Amino acid sequence: MTQMAQEEIVSNTKTVMQGLEALRVEHMTLMNNLSEGSKNDPDKMEIVKRNMENIELGLSEAQVIVMLFAHLQNIEAEKQKLRTQVKRLCQENVWLRDELAITQQKLQASEQSVAQLEEEKKHLEFMASVKKYDEIQENEDNLEKSRTDPVVELFPEDETEERNNMSPTPPNQFANHANAGYEIPARLRTLHNLVIQYASQGRYEVAVPLCKQALEDLEKTSGHDHPDVATMLNILALVYRDQNKYKEAANLLNDALTIREKTLGENHPAVAATLNNLAVLYGKRGKYKDAEPLCKRALEIRENVLGKSHPDVAKQLNNLALLCQNQAKYEEVEMYYKRALEIYEMKLGGDDPNVAKTLNNLASCYLKQGKYKEAEMLYKEVLTRAHEREFGAINGENKPIWQVAEEREENKLKNRENTPYGEYGGWHKAAKVDSPTVTTTLKNLGALYRRQGKYEAADTLEDCALRSKKEVRK
């Protein structure tokens, strides 16, 4: 029934009430006349009374209708009021969501500012320690006592470098390894970035629950076999890997691999990324034989998709070489490193840091085979290139640090007084160009010198490595 119909009914009802009121007045007058008359007619009086009762009943019902209409009007007004309140609450909810988003952004900015301030604090503390360090004179007796067998130090340290240099890289580069070849959808991007940020800060107690909640939501909305689920599985696996939870990480990566093969195809770049992550994980657990076929398959996919001369192919070759090196397959190791080196030099140029890293890795391979001369040549090549980038072409007055070290060794053998280190010690600043590769090269070549009995040359390089390490921490 429409509003207009209701109002017409009420209007008609009021008109009827007026008519009934008039009839009641007439009937009351009639009853008075009948009761005062000389001829009292009982039948007429009875009829009039019944009519009066009917009139009263009609009036009562009409009043009920009018009251009911008034009640309905009040209810309708309350409904309108409630609708207005709901609309206002919805608007407030939207506003609160916007405020929450802005607050989260401010919180993130504040956390970044705090992290920056902490870094600045560390820098200031380091500067103070460097100043103190520069004031301390080298004590020859203490250096002699600290010298140990170079072979014991060189190879285990080098092996550690190999394992640490294998991709995927540290947490702040999770995204590159988890999502290579697959674009993060807009609905996941914010949560994905939060997980990456917390993981890179080592706040795993926050990153892991976020990842698990995202996985649960994704599986509810998209099902388990979806590329987005595989992406979050990859990220959670890398977080677990950094916590040394290798078994959990391997299970997640195998699950992600199955999903990506099923949804994206067996030769998709994202499949290669997952294979690489799984191979690295097995490598960290010492399962080199299990890791090698995975790494080779990732290499094959990247060669087919990107071409055989792509820098990512060179990166995969480096990983494969490291796995083979831990199995003493040195012929394959040399082949993989040389091919990777060729790709980097052709595509990125000889000054690219990856060239120095690959040269350093190849030198480590030579060391493990006892090819000390070949290793020494490569180490010197890395240091020479770093020197030229920092200080220009080499000449009689502009010498690389290894040449300075050998001259100091020669002067010591001839009982000549060496120039104080501080007068040419600025070379260590060049080490920051390729750190930590140059620093590692300085230490490895220093250990090789020590193995050859060239202690003065070894001390020079090791002291330079120490200074460069402090320089990088600034």
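The paragraphs below walk through a predicted model, from its helices and salt bridges to its loops.

Residues are counted from 1 along each chain as its sequence is written, and side-chain values rest on heavy atoms, with hydrogens and water left out. Since this is a predicted model, local features need pLDDT of at least 70 and side-chain atom pairs count only at pLDDT 80 or more, while totals for chains, interfaces and linings use all residues.

Residues 230-263 are 91% helix and 0% strand, and their end C-alpha atoms are 10 Å apart. For residues 356-389 the figures are 91% helix and 0% strand, with 12 Å between the end C-alpha atoms. Helices here are DSSP runs (H or I, at least four residues), strands are runs of E of at least two, and both are numbered from the N terminus.

Next comes helix H10, which covers residues 269-284. Its 16 residues reach 23 Å from the first C-alpha to the last, close to the 22 Å expected at 1.5 Å a residue; the expected span is 1.5 Å times one less than the number of residues. H10 is mostly covered, with 14 of its 16 residues buried. Buried means under 20% relative accessible area, exposed means over 50%, and partly exposed is in between (1.4 Å probe, protein chains only). Asn276 lies in this helix and is buried, at a relative accessible area of 3%. Which residue does the side chain of Asn276 meet in a polar contact? The partner is the side chain of Gln316, at 2.9 Å. A polar contact is a pair of N or O atoms within 3.5 Å; within protein, one must be able to donate a hydrogen and the other to accept it, and residues adjacent in sequence count only if both atoms are side-chain atoms. Just after H10, Gly286 takes a positive phi of about 80 degrees.

Now for the charged side chains. Across the whole structure, a search finds 24 salt bridges, each defined as a side-chain nitrogen of Lys or Arg within 4 Å of a carboxyl oxygen of Asp or Glu. Side chains of opposite charge can pair when their charged atoms come close. Arg24 and Glu21 form one of these bridges, the closest N and O atoms being 2.9 Å apart. An α-helix has 3.6 residues a turn, so residues three or four places apart point the same way. Glu56 joins Glu21 and Arg24 in a network of salt bridges.

Two further pairs have a 4-residue spacing. In helix H13 (residues 330-347), Lys338 and Glu334 are 4 residues apart, about one turn of the helix, and their salt bridge has an N to O distance of 3.9 Å. Lys338 is partly exposed at 43%, whereas Glu334 is buried at 13%. In helix H15 (residues 372-391), Glu381 and Arg385 are also 4 residues apart, with a salt bridge of 2.8 Å, N to O. Glu381 is partly exposed, with a relative accessible area of 28%.

Helix H9 can be followed through Thr258, which is partly exposed at 43%. The backbone oxygen of Asn254 lies 3.0 Å from a polar atom of the Thr258 side chain. The C-alpha atoms of Thr258 and Ala230 are separated by 8.6 Å, although these residues are 28 apart along the chain.

Finally, look at two loops. Asn244 is in the loop between helix H8 (227-242) and helix H9 (246-264), where this non-glycine residue has a positive phi of about 65 degrees and counts as exposed at 54%. Ala328, in the loop between helix H12 (311-325) and H13, likewise has a positive phi of about 65 degrees without being a glycine. Ala328 is partly exposed, at 46% relative accessibility.
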